[in-house]
Amino acid sequence: MKTVLLIKEIYLEGFRNLGNFIIERYFKAFAWFSFIMFMVVLYAFIFRVSTGFAFD
């Protein structure tokens, strides 16, 4: 029984930080994607202002 509990503890310890790693990478990728999309919107706005687009 002690061996089964030891294997269970090793298994849980091995996968405990894996979720944090995946979530950290996901948020980092999402932050970069958001930053790039903001730059696209800023570029489009500056382009429209510089070409004299009428914001009615």
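Author: Gladly, and we begin with a definition: helices (H or I, at least four residues) and strands (E, at least two) are DSSP runs, numbered from the N terminus. The model is predicted, so local features need pLDDT of at least 70 and side-chain atom pairs pLDDT 80 or more, while totals for chains, interfaces and linings use all residues. Residues are numbered from 1 along each chain as its sequence is written, and side-chain values use heavy atoms, with hydrogens and water left out.

Reader: How many helices and strands does the protein chain have?

Author: The count is 1 helix and 0 strands. Helix 1 covers residues 2-50.

Reader: What makes the protein chain more spread out than a compact globule?

Author: Its radius of gyration, taken over C-alpha atoms, is set against the globule rule, 2.2 Å times the number of residues to the power 0.38. For 56 residues the rule gives 10 Å, and the chain has 24 Å, well over that, so it is more spread out than a compact globule. The C-alpha atoms fill a box of roughly 75 × 15 × 5 Å along the principal axes.

Reader: Why is Phe27 called exposed?

Author: With a 1.4 Å probe and protein chains only, buried means under 20% relative accessible area, exposed means over 50%, and partly exposed lies in between. Phe27 has 51%, so the word is exposed. This residue is found in helix 1, and its C-alpha is 19 Å from that of Phe15, 12 residues apart in sequence.

Reader: What share of the residues of the protein chain count as buried?

Author: Of the 56 residues, 0% do.

Reader: How many aromatic pairs are there, and why is the pair of Tyr43 and Phe47 called stacked?

Author: Rings of Phe, Tyr and Trp (its six-membered ring) pair if their centres lie within 6.5 Å; planes under 30 degrees apart count as stacked, over 60 as edge-to-face and the rest as tilted. A search of the whole structure finds 4 aromatic pairs. In Tyr43 and Phe47 the ring centres are 6.3 Å apart and the planes at 25°, so the pair is stacked. Both residues lie in helix 1, 4 residues apart, about one turn of the helix. Tyr43 counts as exposed at 57%, whereas Phe47 is partly exposed at 43%. Elsewhere, Tyr26, Phe27 and Phe30 form one aromatic cluster.

Reader: How do you know that the charged end of Arg48 sits over the ring of Phe53?

Author: The test asks for NZ of Lys or CZ of Arg within 6 Å of the ring centre and within 35 degrees of the ring normal. The charged end of Arg48 is 4.8 Å from the centre of the Phe53 ring and is found to sit over it.
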